[in-house]
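The following report describes the architecture of a single protein chain.

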Amino acid sequence: MAYVSGFLCAVPTARKQDYLDFATRSWPLFESSGALDMWECWGDDVPDGEVTSFPMAVKKADDETVVFSWIVWPDKATADTAYASMQSDPKWQEMGEMPMDGKRMIWGNFTPLAQFSAKAKAA
């Protein structure tokens with residue numbers, strides 16, 4: 001069964017292209033480790049909340065944008081192996097520093113409960 005890693009972070013808005021470049025360089029490493037998909041989503045309607053919200057969760061500053069990302073893996077074992085390789089594979093070290101404050105990044109791994117999808121119908 002598929003397995004999903006999710007990420008939420010605040011990226012300096014002026015560094016949007018740096019973030020995209022970093023994500024683009026990271027995809028081949030994730031893919032070679034078995035990832036099936038990777039989505040990087042730049043926030044455009046992410047309101048502040050009164051009790052909790054995405055901006056509050058990552059302590060977003062006024063000059064930052066919330067980014068929501070996820071990676072789909074074929075299974076948990078593949079994801080675990082990929083993340084373990086980040087500590088020893090020099091290719092990950094060559095990526096350099098992330099273009100945001102990694103200490104405020106929220107991440108977690110999830111077992112899908114259900115998947116719903118709209119499929120195009122043949123005309």
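## Secondary structure

Four helices and four strands make up the chain, arranged along the sequence in the pattern β-α-β-α-β-α-α-β. Helices (H or I, at least four residues) and strands (E, at least two) are DSSP runs, numbered from the N terminus.

The model is predicted: local features need pLDDT of at least 70, side-chain atom pairs count only at pLDDT 80 or more, and totals for chains, interfaces and linings use all residues. Residues are numbered from 1 along each chain as its sequence is written, and side-chain values use heavy atoms, with hydrogens and water left out.

## Overall dimensions and burial

Along the principal axes, the C-alpha atoms fill a box of roughly 45 × 40 × 30 Å. Of the 123 residues, 30% are buried, that is, under 20% relative accessible area with a 1.4 Å probe, protein chains only.

Among contacts (heavy atoms within 4.5 Å) with a separation of 6 or more, 81% link residues 24 or more positions apart.

Strand 3 (residues 64-73) is largely enclosed by the rest of the structure, because eight of its 10 residues are buried.

Strands count as paired if DSSP finds at least two bridges between them. Strand 1 (residues 3-12) runs antiparallel to strand 3, with 10 bridges joining them; in this pairing, L8 stands opposite F68. Strand 2 (residues 37-42) is also antiparallel to strand 3 and is joined to it by six bridges. Within that pairing, M38 has I71 as its bridge partner.

Technical notes: Buried < 20%, exposed > 50% of the residue type's maximum accessible area, 1.4 Å probe, protein only.
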